[in-house]
Amino acid sequence: MRLEEERCWLEIDLEKLRRNAAIVEGLAGPGCTPIGVVKTNCYGLGAVEIARELVACGCRILSTADMTEALALRRAGIREPILLLGPAAPESVEAAIRENIILPVVDLEHALLLERAAAPCGRLRTHIKVDVGMNRLGIPVNGREEEAREDIRRVTALPHLTNEGLMTHISGMQDPALDHLNVEQLERFSAFGDFLAEIGICLPMHCESSMLFLSHPEYHQQFARLTSAYLGIEKGYEPLGARCVARLCTRVLQIKQVKKGDCIGYWMTYAAPRDMTVAVLGVGYGDGLVRGLTRGAHMLIRDRRVEVVGKLSMSFSVADITDVPDVRLGDEVTVFGEADGGGVSIREYAELYGGHPCEVIAMLKEHIPRVYLHPRPGAASELPAGLG
């Protein structure tokens, strides 16, 4: 790959990932094992590359959304246990046993199907999933604790399922004023674990995401499922030294003068408030940016924030560089991801349209080259010689 020929690219700094992983391990302590969640191609950053680095940093268990993602890691030579977050069909059981992939059990009927499929093959590693208020996957608990416990008793009696954990998802309310709803679900899950223990079912538990892992250490359990903490995009980790590992970059493709009153971009929604110098940049909504997001958006050119003006095109955008006179054709531009030095953080970009940092990077298209900075000695890198 010749980076100078690309109109936009995504940098992933593996040294920052290593530092973030060390912070996570320190927060976890000896009683909690972090699970490195690399689902959806690790939010678009590259599941294989991020998983390899997490394993090298000491991560002992990974997680993906489905079998396709898990088997891709296996084909890449990654051998650590992998926990699926979504249910797999019985047809996947043989491969799961062979490849050391842990499947979630989401209800009694699902458990019976998995048991039937596992019987000719061996023992299937499983975690039992319960629902304590999100009303998504899992055995419902609210208002039917006795029935849920009986369902789990029957699941744990099945001879070909190992039942190595009890898991749930918490709704994860972001507004601090609504955190009491998170606590209600955390308490409900913890209490249900105690309820199971009364009949001798004592399973390692996990429910915390990166946000709850930091904000509610009092609920740390045997495992915690983490992604955004590792990637340095979860709110609250910066004071601990975590840094965002991803930076979306583009370059200046043209510089031109626009007269006051002239319109810029599609639909003529933006009229220049003054005579302006603008830069045409090589990134747009076809690369994964939010098309309707212009007002309030900025990028970083020559260490200066510049305003994005006019509607985004599919492959291009326009920025006001009137007050940055030294901009040159081909200059590198930071779209978002590097808050140090005045850049726009992924979180700041997400807040402009009410989104979440995870979705910002997950929306970036696969055609954008991924460039891995600071690989370990001997590791492959997409970084061209002379850069980094």
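Predicted model: local features only at pLDDT ≥ 70, side-chain atom pairs only at ≥ 80, totals over all residues.
In the protein, the secondary structure comes to 12 helices and 19 strands.

Strand 11, which spans residues 246–258, takes part in several of these pairings. With strand 1 (residues 8–13), strand 11 pairs in the antiparallel sense over 5 bridges, and within this arrangement C8 has T250 of strand 11 as its bridge partner. Strand 11 also pairs with strand 18 (residues 332–336), again in the antiparallel sense, over 4 bridges; here C249 stands opposite T334 of strand 18. A further antiparallel partner is strand 14 (residues 276–281), which is joined to strand 11 by 6 bridges, and in that pairing Q257 stands opposite T277. In a regular strand, side chains alternate between the two faces of the sheet.

The largest nonpolar core of the protein has 106 residues, and those with the most contacts inside this core are L103, L166 and F336. Helix 1 (residues 14–28) gives the most to this core, with 6 residues. When neighbours within four places in sequence are left aside, the residues in contact with L103 are M67, L84, A88, V93, A96, L114, L124, R125, T126 and H127. Residue F336, named above for its contacts inside the core, falls within the range of strand 18, residues 332–336.

In helix 3 (residues 47–56), the buried residues are A47, V48, I50, A51, E53 and L54. Just after helix 3, G58 takes a positive phi of about 110°.

For the protein as a whole, buried residues make up 52% of the 388 residues. Among contacts between residues at least 6 apart in sequence, 65% join residues that are at least 24 apart. The C-alpha atoms fill a box of roughly 75 × 50 × 35 Å, taken along the principal axes, while the accessible surface comes to about 17100 Å², of which 52% belongs to carbon and sulfur atoms.

Terms used: Residues numbered from 1 in each chain as written. Heavy atoms only, no water. Core = buried A, V, L, I, M, F, W, Y, C linked by side-chain atoms within 4.5 Å. Buried < 20%, exposed > 50% of the residue type's maximum accessible area, 1.4 Å probe, protein only. Helix = DSSP H or I, 4+ residues; strand = E, 2+ residues; numbered from the N terminus. Contact = heavy atoms within 4.5 Å. Areas by Shrake-Rupley, 256 points an atom, 1.4 Å probe, with all protein chains shown as cover. Pairing = 2+ DSSP bridges.
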